[in-house]
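Grab a pencil and work through these exercises one at a time. Each task comes with a solution that goes step by step.

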Amino acid sequence: MKKDHSDFRLYLLFSFFILLGAVILGRLFYLQVKDYKKYKTLAESQHIKEKKIYAKRGKVFFSDEATLLAENQGVANVAVAPREIKNRQELISKLSLALSISESSLSSKIKSNDPWIIIKNKVSLSKTEKIEDIPGVHLEPYFNRFYPQGEIASSLIGFYGFDQTGKKKVGQYGIEGYHEKQLAGKDGFRRGVVDANQDPIFSVQNQVKDPVDGSDLILTIDSNIQFFLENKAKELFEKYKPDNATIIVMSPKTGEILGMASSPNFDPNNYQKEKDVSVFKNPAVLPFEPGSIFKPLTASIALEEKVVTPDTKYVDKGVLKISGFAIKNSDLKAHGTKTMTQVIEFSLNTGAVFMQQKIGRTKFVQYVKKFGFGKKTNIDFYGEEAGDIENILHPRSNAKLIECANASFGQGITANPVQILMAFSAIANEGEMVKPHIVKKIIHQNGKVEEIKTKKVRKVISPESASRTSAMMVSAVKNGYGKKAAVKGYLIAGKTGTAQASYSYFGIQKSGYSSRTIQSFINFAPAFKSEFILLIKMDGPRGGPRFSSDSLAPVAKEINQYLFNYLGIPPKD
């Protein structure tokens with residue numbers, strides 16, 4: 001019995017050691033295999049110190065390559081780690097002098113038992129040079145994005161702010177958002193072995209990777225034109241109180257956007273103060289129903305297909321019935337016998353439908369697509385929306401031709417302002433359509449300069465059709481509703497537009513059209529050798545003239561006169 005009892009204790013002890021060994025082996029497996037990365041990272045954090053070296057974000061210039069629209073200000077957050085302080089009084093004295101904080105205030109802050117104490121945020125880098133080597137002081141340097149022009153061109157530039165996670169800053173909206181990759185560059189780092197006191201020591205493991213700074217952008221935007229347009233957009237917004245007012249000027253030869261202004265706008269230096277994020281969206285790339293500024297495009301198609309001439313006549317009875325729907329002129333009047341030129345002069349809806357019916361649905365749709373509607377222009381800008389021509393692509397019924405009829409005068413389809421400018425570049429540029437763009441040059445940090453060249457999209461109509469359409473639009477400014485845009489001594493090809501707007505356009509959950517309108521005006525000049533295209537748009541003005549011929553045409557005259565003088569375009573009869 002004594003022997004059995006002794007063997008039992010021996011087996012028990014042996015089992016205990018086996019179990020203990022298994023536990024130790026399991027723990028070693030857990031530490032060295034399963035959680036290897038975790039403890040490797042922990043060990044490295046104690047012996048290897050890594051500091052991120054931030055890349056400088058690229059600057060953004062106006063076309064003169066001197067006037068800044070966006071730049072960087074080097075700043076840092078200053079913090080203190082009390083456990084690392086070697087000479088407390090020296091640290092307090094130097095911080096007080098560099099940061100303009102009283103010694104008593106610093107002393108009370110640093111008495112805290114916290115392992116990490118923020119002393120001051122957004123300190124200029126010139127001030128941190130004197131304190132960066134003090135033991136216990138830590139700097140978190142970064143570049144604060146700064147916009148010297150304030151609200152000027154804010155809807156164009158966008159801003160630099162936190163992403164949806166709230167942890168990382170990136171370009172948002174506008175140029176900042178679209179060109180994030182080019183502007184951001186790539187951060188570098190400094191990694192090295194440190195001793196128990198966190199002091200660096202020589203090691204083959206020490207590494208330095210230099211950052212690659214972001215590229216600078218030179219825009220096509222002329223600062224003087226931009227400032228002038230900003231003032232005009234603001235005047236329209238304050239006078240007529242629309243949801244927004246937008247003005248764009250583009251070169252029909254190159255596609256360069258020379259100015260793009262909207263009101264209301266915001267301060268990109270304090271973007272976080274805005275409660276309504278819709279102010280960040282640029283109306284220049286958001287779709288709307290263009291209304292009667294679409295009529296010259298319908299005319300150009302009819303001329304190209306040779307189904308009408310500028311002198312072709314029709315009888316305007318004031319109303320036209322199609323598939324049970326009635327189409328009327330905006331003035332609700334019958335004008336009798338009129339030519340196609342007079343259709344453009346007096347913006348007759350029935351005349352636009354007459355031309356569209358002569359063209360035919362299939363051909364009309366083909367040309368609308370050829371002019372670039374229904375898909376994005378792919379302008380180098382954040383947030384472009386393509387617009388919608390679904391109504392004419394897939395009409396509700398083959399028997400109902402009302403969709404194309406409405407589209408002939410710009411209703412029932414949508415397009416963004418940049419799309420419209422691109423389409424009209426074909427008329428102003430002898431039938432050749434060019435792609436709009438906002439960036440002129442990209443200057444890379446290696447010294448390479450990437451120039452953005454003019455891109456011809458396609459030949460849409462013949463030079464003859466373009467010239468005849470231009471002549472009809474010149475007549476609209478000389479003799480029609482565009483008279484108030486005329487400038488003595490210059491031939492200006494223009495067209496007014498006042499479109500009914502749907503309830504949904506103004507954010508109202510209701511079908512059908514509201515009583516509010518979208519007013520617009522487009523012109524290019526000089527008419528037969530154009531240097532610029534101008535588009536003005538105003539959403540839902542409250543009060544004031546009913547039609548854009550009275551609200552926007554006079555503003556177009558002021559802008560035209562300014563551009564003639566500024567661009568050095570001499571008058572000609």
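What percentage of the 573 residues in the protein chain do buried residues make up?

**Solution.** Start with what you are looking at: this is a predicted model, where local features need pLDDT of at least 70, side-chain atom pairs count only at pLDDT 80 or more, and totals for chains, interfaces and linings use all residues. Residues are numbered from 1 along each chain as its sequence is written, and side-chain values use heavy atoms, with hydrogens and water left out. Next, the term: buried means under 20% relative accessible area, exposed over 50%, and partly exposed in between (1.4 Å probe, protein chains only). By that rule, buried residues make up 48% of the chain.

**Exercise 1. Look at helix α12: is it mostly covered or mostly open?**

**Solution.** Find residues 349–359. Nine of these eleven residues are buried, so to speak for the helix as a whole, it is mostly covered. Among the buried ones are N349, F354, M355 and I359. Step past the end of α12 and you meet G360, with a positive phi near 95°.

**Exercise 2. Find two cis peptide bonds and place their prolines.**

**Solution.** Begin with S263 and P264: the bond between them is cis, with omega near 10°. P264 sits in the loop between β12 (257–263) and α10 (295–304). Then go to A525 and P526, also joined by a cis peptide bond, with omega about -20°. P526 belongs to the loop between β22 (513–525) and β23 (532–539). As background, most residues other than glycine have a negative phi, and most peptide bonds are trans.

**Exercise 3. Which loop holds K306, and which holds L332?**

**Solution.** K306 is in the loop between α10 and β13 (313–316). Its phi is positive, near 60°, and K306 is exposed at 69% relative accessible area. L332 is in the loop between β15 (325–328) and β16 (336–339). Phi of L332 is likewise positive, near 60°, and L332 is exposed at 61%.

**Exercise 4. How many salt bridges does the structure hold? Trace three of them.**

**Solution.** A salt bridge is a side-chain nitrogen of Lys or Arg within 4 Å of a carboxyl oxygen of Asp or Glu. The structure holds 13.

- Step one: D243 pairs with R516, the closest N and O atoms being 3.1 Å apart. This pair links distant parts of the chain, with D243 in the loop between α9 and β11 (244–250) and R516 in strand β22, 273 residues apart. D243 is partly exposed at 31%, and R516 is partly exposed at 23%.
- Step two: E464 pairs with R468 at 3.4 Å between the closest N and O atoms. Both lie in helix α17 (residues 463–478), four residues apart, about one turn of the helix.
- Step three: D539 pairs with K537, with the closest N and O atoms 3.0 Å apart. D539 counts as buried because its relative accessible area is 4%, and K537 counts as buried at 2%.

**Exercise 5. Which rings do R516 and K537 sit over?**

**Solution.** A charge sits over a ring if NZ of Lys or CZ of Arg is within 6 Å of the ring centre and within 35 degrees of the ring normal. R516 lies over the face of F506, 4.1 Å from the ring centre. The charged end of K537 sits over the ring of F288, 4.9 Å from its centre.

**Exercise 6. How many aromatic pairs does the count come to?**

**Solution.** Rings of Phe, Tyr and Trp (its six-membered ring) pair if their centres lie within 6.5 Å; planes under 30 degrees apart count as stacked, over 60 as edge-to-face and the rest as tilted. That rule gives 16 aromatic pairs. One of them is F228 with Y562, stacked at 4.0 Å centre to centre and 5° between the planes. F228 lies in helix α9 (residues 223–240) and Y562 in helix α19 (residues 553–566), so the pair ties together parts that are 334 residues apart in sequence.

Terms used: Helices (H or I, at least four residues) and strands (E, at least two) are DSSP runs, numbered from the N terminus.
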